[in-house]
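Please look through the structure below with the sequence beside it, and follow the paragraphs one at a time.

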Amino acid sequence: MFLEIKDLSVKIENKNILKSLNLNINKGEVHAIMGPNGSGKSTLANVLAGKEDYEILNGRINFKDNDLFDLNIEERAQEGMFLAFQYPVEIPGVNITPFLHSAINSKRKRMNEEEIDNLSFAKLLKSKASDLGINIDMLKRSVNTGFSGGEKKRYEILQMSILNPDLAILDETDSGLDIDALKIVTDGVNKLKTNDNSFLIITHYQKLLDYIKPDYVHVMVNGSIVKSGGSEIAAEIEKDGFQKFQ
Amino acid sequence: MNSETLNTLNSYSKNKYKYGFVTEIDDEKPRKGLNEDTIKFISQKKNEPQWMLDWRLKAYSKWKKMKEPKWANLSFPEIDYQDIYYYSAPKGFEKKPKDLSEVDPKLIETYNKLGIPLEEQKVLAGVAVDVVFDSVSVATTYKGELEKLGIIFCSIGEAIQKHPDLIKKYLGSVIPPGDHSFSALNSAVFTDGSFVYIPEGVKCPMELSTYFRINAENTGQFERTLIIADKGSYVSYLEGCTAPKRDDNQLHAANVELIALEDAEIKYSTVQNWYPGDEDGKGGIYNFVTKRGLCAGKNSKISWTQVETGSAITWKYPSCILKGDNSIGEFYSVAITNNFQQADTGTKMTHIGKNTKSKIISKGISLGKSQNTYRGEVSFLRKANKARNYTQCDSLLVGNQCGAHTVPYIDSKNNTAVIEHEASTSKINEDQLYYCRQRGLSHEEAVSLIVNGFCKQVLQELPMEFAVEAQKLVSISLEGSVG
């Protein structure tokens, strides 16, 4: 099993958010999690990435034969987990190019691969950026600083394509995007998709799933997955909302 | 703040200071303590003319009547001026060596260890260096080449001998000896430092640099630097400094005077890395420095850039007196304090002439149990029509036991003056750290990256050759793992 979440219960500040949650993802699969606001979707994404504000009450997570709880945030990232943030944070004064260059090399170091030099990295970055229709000038700016909402999301996808993760978690990547930006972002994801990597797409709306076809759709309500199935579930939610699952 | 952040911070505060070694070398000192005999001893050692000795003694008599300025946000035990050596020179330095073959190999070794090779072929290309060890200047590189352009770059001691007219005219003209007790003290006992004169219309083709090293124990360093840029000239000057690790505090009270005549520009950069004391706050340099520049002529410009990472106490306000019409003063500062370090630093911009402009960018970073204060004064005199100031002060707190303070004073006697002031204080942002780490960067790398980003506006003002060094120094001050 590639990612196995078993009986996961999590709380934050005395509030139980995830309750006995189970989820299995195999290599090459695309999973979508849909649910109303406050159902715990983003908490799940952050617990997977290793954010430290949460208290794990019960359960375990296996990722590529690792007990995930043995790894800290950066080790998980280096093992191939990538989280595209819902609200990417601005880091003033930190240029994108050296930032991503350090990121890719820290991953290579863990994998005992040779580090990529400046020149080859610059080439790689340029070609990936042009694939995503990202202006070269944007690469001269500081990380997320002064970016519009759409630019930030596009820039998340650029980072994802550079780091080429085994498991990419997209946390409400569609929120705040107009239809053109949504198309660029989803095209980027579709290009990255292979038989060796997996996606976990968290979304509130069905719209995104018109562009990225999931193999499985899960409905999450009140901290647990209440229904799983194919893309027909997304259509159901589009029609009737989350009401009937609550 | 979560536990991992705290752990990393604790590991940062085990700051390793890699310049803390001592050079075993015979030195020559007068008796401890400050009195007229000490001053006569120094003056005699330096073979000074009578007028210089008289100038020193006058400053000394002023000092005796003065008290230390007390307005800074600093706490430290009273300095015992009678428990300090005021002069220390490696033996055999009655005369400055003519070339490196005459210099004690141990000294050359010291500077190699510090990464400041004295042999010119190894020196950073395009940088001329004057090296001051305790109280004497040991070497000045590229002198001949500069002389061809009429540029004078030598130790202040040599300038007193060879260029008395310039010294008499300008020494103490920007910082009068009686300005405050540290300037009086420096005027009385200053030992060495650099002198620069750029003739009319000459753009100095290389960076000029002075490197200060305190080696001897219980010794104060009182250097004096004087830079004069004649009409239409340009010079960029950089100073660096280190000291051995010692348990006692050592006093450093320098005076730096800059004079820019009409259309001249002086860029003065400092990378201050004196020994900061250990993680319990023991030892370290008391750094009481007076730096002041006079934009004397029209359209002149003086720009201060400082990266302050060392010293137990930093008390320093590089200032500009904007006398010439249209003159410009700038101050760019990064001050990092860790463990028990205290910094009270900032600037003073005095607008006298019309259309004068000043710009202040200050970045303070506090870690450990340190205290970091920005103190600035911007004043507009009556005739300073249409003068402008822009001030930006940002403080970054790392951890929850340190302090950041901002004390700006603004005084305007002219109602056409325009003043802008922006200030911010923030804690190192957990979301930024999370973001960086999610991309695979370690916690230390992430902190270093964020702090360097925070300082970038200032670091990019440094001359190219030193910007990279300064960036590394910033990282080292944070992590302390190198060395």
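Predicted model: local features only at pLDDT ≥ 70, side-chain atom pairs only at ≥ 80, totals over all residues.

Helix 9 of chain B covers residues 430-438 and helix 10 of chain B covers residues 443-459, and their axes come within 9 Å and cross at roughly 125°. Angles over 145 degrees would count as roughly antiparallel and those from 65 to 115 as roughly perpendicular, and helix 9 and helix 10 of chain B are therefore oblique to each other. On the side of helix 9 of chain B, the residues that meet the other helix are B:Gln432, B:Leu433, B:Cys436 and B:Arg437, and their partners in helix 10 of chain B are B:His443, B:Ala446, B:Leu449 and B:Ile450. Sorted by class, this contact of helix 9 with helix 10 of chain B has five nonpolar residues, two polar ones and one charged one.

Stepping back to chain B as a whole, one finds 11 helices and 23 strands. Of its 483 residues, 56% count as buried. Among the contacts in chain B with a separation of 6 or more, 83% are accounted for by residues 24 or more positions apart.

Chain B also meets chain A, with 22 residues of chain A in contact with 18 residues of chain B. On the side of chain A that touches chain B, the elements giving two or more residues are helix 2, strand 7 and helix 3 of chain A, and helix 3 gives the most, with five residues. By class, this side of chain A has 12 nonpolar, six polar and four charged residues.

Helix 3 of chain A deserves a look of its own. This helix, residues 96-110, has 15 residues and reaches 22 Å from its first C-alpha to its last, which is close to the 21 Å expected at 1.5 Å a residue. Which residues of helix 3 of chain A are buried? They are A:Ile96, A:Leu100, A:His101, A:Ala103, A:Ile104, A:Ser106 and A:Lys107. An α-helix has 3.6 residues a turn, so residues three or four places apart point the same way. After helix 3 of chain A comes A:Asn112, whose phi is positive, near 55°.

Two of those covering elements, helix 4 and helix 5 of chain A, also pack against each other, since their axes come within 10 Å and cross at roughly 130°, and the two helices are therefore oblique to each other. Helix 4 of chain A passes helix 5 of chain A in a right-handed crossing. The contact is made by A:Leu124, A:Leu125, A:Lys128 and A:Ala129 of helix 4 together with A:Leu158, A:Ser161 and A:Ile162 of helix 5 of chain A, and by class it has five nonpolar residues, one polar and one charged.

A last stop in chain A is A:Leu200, which lies in strand 10, residues 198-203. Is A:Leu200 buried or exposed? A residue counts as buried if 20 or more other C-beta atoms lie within 10 Å of its own, and A:Leu200 has 25 other C-beta atoms within 10 Å, so A:Leu200 is buried. Leaving aside residues up to four places away in sequence, A:Leu200 touches A:Ile25, A:His31, A:Ile33, A:Leu167 and A:Ile169. The C-alpha atoms of A:Leu200 and A:Val185, which are 15 residues apart along the chain, are separated by 15 Å.

Definitions and conventions:
Residues numbered from 1 in each chain as written. Chains lettered and ligands numbered in written order. Helix = DSSP H or I, 4+ residues; strand = E, 2+ residues; numbered from the N terminus. Expected span 1.5 Å × (residues − 1). Buried ≥ 20, exposed ≤ 12 C-beta atoms within 10 Å, placed from the backbone. Axes fitted to C-alpha atoms, helices over the stretch in contact; angles between N-to-C directions. Parallel < 35°, antiparallel > 145°, perpendicular 65-115°, else oblique. Left-handed = near helix turned anticlockwise from the far one by under 90°. Contact = placed C-beta atoms within 7 Å. Nonpolar A, V, L, I, M, F, W, Y, C, P; charged D, E, K, R; others polar.
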